[in-house]
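Trainee: I'd like to learn how to read salt bridges in a model. Could you walk me through some?

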Amino acid sequence: MGPRAAPGRPGSGGSGGTRTPAPAGPGGAADTGPRKVASASATASTTLSEPPRRTQENRTRTKVLGLPSFPMEKSAASTEPQGPRPVLGRESVQVPDDQDFRSFRSECEAEVGWNLTYSKAGVSVWVQAMEMDRTLHKIKCRMECRDVPAETLYDVLHDIEYRKKWDSNVIETFDIARLTVNADVGYYSWRCPKPLKNRDVITLRSWLPMGTDYIIMNYSVKHPKYPPRKDLVRAVSIQTGYLIQSTGPKSCVITYLAQVDPKGSLPKWVVNKSSQFLAPKAMKKMYKACVKYPEWKQKHQPHFKPWLHPEQSPLPSLALSELSVQHADSLENIDESAVAESREERVGGAGGEGSDDDTSLS
């Protein structure tokens, strides 16, 4: 996908990715009414009648995207934890449907079962209480974005070329193929805190506008042409993504949720550093990137936005049957639990997130 909703870095908890940028994790996207929320697969093959009582703005945006738009009330924060549905227990690759998107939104808004580890200057980070000392980590980050419209943040998460400018942790990222007008497959590799081994992931990413809100989410798949590499550890994104909620014409709130198996036992310092330092710093860096995006985009193919205009996509089509679910137990497990934090990491932070240098965005 343009940008992949990047998966969470090892120790961050998370999956995507948002292959798109993964803001919260060590080293840290990335791989989203009158009528039920249409599934991404149905979206690609069905023309839907417009639901009543939509604003003209939403109706226009829907037509541009080629996707259904549906009224979705802003639900109050859920009081019951919701389990991720997309991959757990799934034996075949499927494009997320309406229930998957609703389930993801519910978990982003859930409060029970999460421990707040950081809250300052409009950025909050939670980790799943029951997962604190386990290999499988879950992390949730939320940031208030003043002076950044929801649609701008959505574009930034999708724009893979811009991500290469501001995501200093990315080693390599690219889209492989499209599955539907709002789903694709892509690759994302990232730097981990030294001396841990760097990770990579192949994910199926899907996205969906919901009125003035947006969801981008991903999960790991296997692609026959992109097997695990010897120089990287193949992580598994169980579910990673972003919920972007508009709070006004020029403001929004973004929630990053990641559940990932980093394929290895991570030292506690990685988990702690992810939630208390790396995740907040990565979110703030994303915010700075959003502020500078409109000016940058005007100089770099301003009208090229395949995530809004599917007909612009240069990607080849790929059948779901070519993919298979990436199960964590089929990959090598790396034990890094005894790895000590390097002096460089203690002094300057992990990867590129230790620096606030934004010259690459100019």
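Trainee: Which residue does Glu295 form a salt bridge with?

Mentor: Start with the general idea: side chains of opposite charge can pair when their charged atoms come close. Keep in mind that this model is predicted. Here Glu295 pairs with Lys299, and their closest N and O atoms are 4.0 Å apart.

Trainee: Is Glu295 buried or exposed?

Mentor: The cut-off for exposed is over 50% relative accessible area. Glu295 has 56% relative accessibility, so it counts as exposed. Lys299 is exposed too, with a relative accessible area of 64%.

Trainee: How many salt bridges does the structure hold?

Mentor: Twelve. Another one is between Arg205 and Asp184, with the closest N and O atoms 2.9 Å apart. Arg205 sits in strand S6 (residues 199-210) and Asp184 in strand S5 (residues 183-190), so this pair ties together parts that are 21 residues apart in sequence.

Trainee: And why does Arg205 count as buried?

Mentor: Buried means under 20% relative accessible area. Arg205 counts as buried because its relative accessibility is 0%. Asp184, with a relative accessible area of 3%, is buried as well.

Trainee: Which side chain does Asp213 meet in a salt bridge?

Mentor: That of Arg105, at 3.2 Å from N to O. The pair links distant parts of the chain: Asp213 is in strand S7 (residues 213-222) and Arg105 in helix H3 (residues 98-109), 108 residues apart. Both Asp213 and Arg105 are buried.

Trainee: Which residues do shared partners join into one network?

Mentor: Arg105, Glu109 and Asp213, through salt bridges that share partners.

Technical notes
Residues are numbered from 1 along each chain as its sequence is written. This is a predicted model: local features need pLDDT of at least 70, side-chain atom pairs count only at pLDDT 80 or more; totals for chains, interfaces and linings use all residues. Side-chain values use heavy atoms; hydrogens and water are left out. Helices (H or I, at least four residues) and strands (E, at least two) are DSSP runs, numbered from the N terminus. Buried means under 20% relative accessible area, exposed over 50%, partly exposed in between (1.4 Å probe, protein chains only).
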